[in-house]
Protein chains: 2
Amino acid sequence: MSVMKLEEYRQHIRAQLDSVTDFWLKHSHDTDHGGFFSCIGRDGQVYDDMKYVWLQGRQVWMYCRLYRTLERFHRPEILQAAQAGGRFLRQFARVSDGSGGGNRWKCAFCLTRDGKAVKVQRTIFSECFYVMAMDELSRVTDDKDLQLEAEQMMEQPGLPGDVPTSSMAVPMMLLCLVVDKYRELASWCVQQILQHVQRNGTAVLENVSVDGAELPGCAGRLQNPGHALEAGWFLLQYSEQFGDPQIKKTAVDKFVKLPYQRGWDKENGGLFYFLDVDGHCPTQLEWSMKLWWPHCEALIAFLMAFSQTGESELLETFSQIYDYTFKHFPDTRSGEWFGYLTREGNVALDFKGGPFKGFFHVPRCLYMCERILDGLLAHRD
Amino acid sequence: MSVMKLEEYRQHIRAQLDSVTDFWLKHSHDTDHGGFFSCIGRDGQVYDDMKYVWLQGRQVWMYCRLYRTLERFHRPEILQAAQAGGRFLRQFARVSDGSGGGNRWKCAFCLTRDGKAVKVQRTIFSECFYVMAMDELSRVTDDKDLQLEAEQMMEQPGLPGDVPTSSMAVPMMLLCLVVDKYRELASWCVQQILQHVQRNGTAVLENVSVDGAELPGCAGRLQNPGHALEAGWFLLQYSEQFGDPQIKKTAVDKFVKLPYQRGWDKENGGLFYFLDVDGHCPTQLEWSMKLWWPHCEALIAFLMAFSQTGESELLETFSQIYDYTFKHFPDTRSGEWFGYLTREGNVALDFKGGPFKGFFHVPRCLYMCERILDGLLAHRD
């Protein structure tokens with residue numbers, strides 16, 4: 001593939017990142033109560049004013065990351081938006097644990113517009129996105145208190161200890177949080193993720209037993225190709241940071257190539273959301289839908305794998321996913337991306353933001369791909 | 001519409017009920033551990049041996065009802081199957097409440113093949129289906145202990161008192177349980193259901209506040225046409241039993257005609273699963289899918305409404321739903337019905353039994369329609 005083609009990708013990805021960021025800057029800020037609206041309709045209208053804590057935290061994180069690392073986003077309005085989001089989270093997202101036990105706390109899952117907790121989940125994800133936001137915010141503001149708060153949160157007794165280890169989501173989430181600071185915990189996360197390679201290395205299964213064996217029934221046979229691909233680029237980052245060639249090889253073979261081979265819809269294109277490893281019909285009603293985020297993760301995974309290995313096959317697959325993604329997901333009328341397509345690739349839900357779609361997967365993908373392409377093109381110049 | 005047409009419907013519905021019942025008698029019985037397999041693939045194979053308590057209870061109830069009220073199902077194998085299911089439930093489904101409080105208990109949501117509880121939900125539905133099963137079983141076996149057990153369960157302190165009243169599901173479930181015995185509670189359920197008529201009588205909303213006002217946001221605007229139609233025929237039964245013409249009129253206008261007008265897909269046919277009353281895109285990924293059970297409830301609702309009012313328009317709509325349903329859901333290859341179609345009417349999930357689909361909605365629909373047609377044809381002969 002020519003340098004010109006890579007340059008063309010970079011131009012398009014840069015323009016997409018600019019326009020997606022503008023969409024959220026314009027439509028999602030609640031200037032009355034602080035924080036961000038999560039539920040944004042196709043043309044930017046707020047169709048529900050509930051605020052989802054995952055998405056608040058992710059949006060703060062993403063604004064900070066853009067502000068801190070890309071020159072053209074180093075603008076006061078982006079810093080102010082991140083700080084306003086951070087204030088809203090610190091003021092309203094934390095709720096007391098309820099189970100006694102001193103100074104432990106939980107984060108709500110969603111809040112009313114003015115910050116009243118509506119729902120608290122038992123999982124740790126809200127807390128993790130809160131910490132990610134505070135950690136990144138402390139870097140751009142150089143606020144030592146925030147840094148300390150994020151660290152104390154990480155060291156709450158029982159937080160990583162209590163978690164069920166059967167789902168790949170937990171070690172992936174923790175790996176995101178700790179990779180820079182807690183080498184030992186990061187290594188534990190990596191080992192947990194690797195346990196999901198099953199069936200003699202022919203499949204990545206979403207749920208395994210605590211000791212790394214296949215679970216019975218549908219839950220045990222479940223594959224989530226987008227999630228495996230996301231794990232793939234997490235592992236690639238880890239192996240790059242700590243210089244571990246064995247993990248790099250496993251990441252490329254088992255967490256990049258394999259989920260694509262199993263998850264790509266050869267008839268209609270696009271990645272399935274869920275699959276059963278034995279070919280049974282999954283019981284999830286949405287199994288055959290094409291969601292935006294697995295395609296985001298696939299783009300990052302293949303481009304990063306190519307940049308680390310130079311294998312041209314990886315770049316060819318990146319191109320195929322790129323073509324499908326940019327043909328189907330971006331909305332040429334109002335900007336941003338649709339999130340949910342049918343198996344055939346038609347828009348099934350037309351909102352831009354919802355309970356699980358915010359300013360996160362799309363800009364993170366565009367941002368990561370732009371940075372990787374910067375690196376590739378710098379070497380080739 | 002001619003008597004011949006009604007007779008044709010009855011013949012087809014009878015044949016369907018026979019064949020669907022045979023499918024479950026043949027494929028779902030666990031002769032080793034008792035109880036019924038819930039997860040049955042397209043051709044009858046068990047693809048997961050988890051046992052869902054809702055479905056166990058519903059299958060016992062359905063076998064008993066068929067055995068007790070239709071001559072051709074008054075067969076020893078059906079009684080034995082119901083009794084075996086009842087034994088499995090009594091032995092394994094009950095788990096202690098955990099919250100202290102004397103002799104209170106909960107039902108698990110699902111069990112392993114040999115009866116170990118896997119998951120317990122906070123809602124009361126598992127308990128309700130348990131009681132429905134025991135109540136119906138006590139009628140066919142004349143077992144006074146079972147009857148007593150079902151009644152004690154109903155009288156557990158706080159059970160109907162504790163429930164959130166904002167979802168239409170709870171009063172509907174309780175109305176099913178109590179209509180014969182607890183007139184006062186039944187009347188409370190009916191009033192709760194009627195609170196869901198909103199927007200000056202132009203819509204039935206799935207969730208309302210405790211005092212019957214519209215809730216904010218997506219949750220408040222949610223419509224579930226199949227659920228409203230099910231409520232419709234519950235209300236029609238209630239009004240018939242207690243001779244309440246006002247409730248009958250409300251049932252026909254608001255819970256039968258209205259959900260059909262709002263919920264029918266004019267382009268592709270079939271009933272949508274969820275809709276937003278203001279026309280926003282629902283956030284449920286499966287909102288536009290065509291599920292088997294709303295069509296089952298619609299068939300019962302329209303046929304019962306016609307039989308109570310004689311309005312020919314109701315029978316015409318019944319015919320339209322009938323044509324869509326029998327064209328799309330039954331599987332001519334292996335029997336029984338598909339449960340989940342795409343918006344366009346193609347099969348999206350091809351299993352016959354899953355966590356929420358068992359021997360219940362299809363046979364209950366066929367059974368109810370057969371009985372109503374028996375009544376209609378008896379009068380016309």
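Modeller: In this predicted model, the pair to begin with lies in chain A, where Pro171(A), Met172(A), Leu174(A), Leu175(A) and Val178(A) of helix H6(A) are in contact with Leu185(A), Ala186(A), Trp188(A), Cys189(A), Val190(A), Gln192(A) and Ile193(A) of helix H7(A). Sorted by class, this contact holds 11 nonpolar residues, 1 polar residue and no charged residues.

Two packed helices are described by the angle between their axes and by the distance between those axes. Helix H6 of chain A covers residues 169–178 and helix H7 of chain A covers residues 183–194; their axes stand 9 Å apart and form an angle of about 155°. H6(A) is therefore roughly antiparallel to H7(A). The crossing in which H6(A) passes H7(A) is left-handed.

A second pair in chain A joins helix H1, residues 3–27, to helix H13, residues 361–380, at an angle of about 150° and with the axes 9 Å apart. H1(A) is therefore roughly antiparallel to H13(A). H1(A) and H13(A) also make a left-handed crossing. From H1(A), the residues in contact include Leu6(A), Arg10(A), Ile13(A) and Leu17(A), while those from H13(A) include Leu366(A), Glu370(A), Leu373(A) and Asp374(A). The contact of H1(A) with H13(A) comprises 13 nonpolar, 1 polar and 6 charged residues.

A further pair is found in chain B. Helix H11 (residues 245–263) of chain B packs on helix H12 (residues 292–309) of chain B at an angle of about 145°, and their axes are 11 Å apart. H11(B) and H12(B) cross in a left-handed manner. On the side of H11(B), the contact is formed by Lys248(B), Val252(B), Val256(B), Lys257(B) and Tyr260(B), and on the side of H12(B) by Ala301(B), Phe302(B), Ala305(B), Gln308(B) and Thr309(B). The classes represented in the contact of H11(B) with H12(B) are 6 nonpolar, 2 polar and 2 charged residues.

Chain A contributes 23 residues to the contact and chain B contributes 23 residues. Of the interface residues of chain A, 100% are also interface residues in chain B, so the copies meet through the same surface. Between chain A and chain B, an area of about 1,800 Å² is buried, and carbon and sulfur atoms give 66% of it. Tyr47(A), Cys281(A) and Leu285(A) together provide 33% of the area that chain A buries against chain B, which is more than any other three residues supply.

Definitions and conventions: Residues numbered from 1 in each chain as written. Chains lettered and ligands numbered in written order. Predicted model: local features only at pLDDT ≥ 70, side-chain atom pairs only at ≥ 80, totals over all residues. Heavy atoms only, no water. Axes fitted to C-alpha atoms, helices over the stretch in contact; angles between N-to-C directions. Helix = DSSP H or I, 4+ residues; strand = E, 2+ residues; numbered from the N terminus. Parallel < 35°, antiparallel > 145°, perpendicular 65-115°, else oblique. Left-handed = near helix turned anticlockwise from the far one by under 90°. Contact = heavy atoms within 4.5 Å. Nonpolar A, V, L, I, M, F, W, Y, C, P; charged D, E, K, R; others polar. Buried area = accessible area lost by both parts, 1.4 Å probe.
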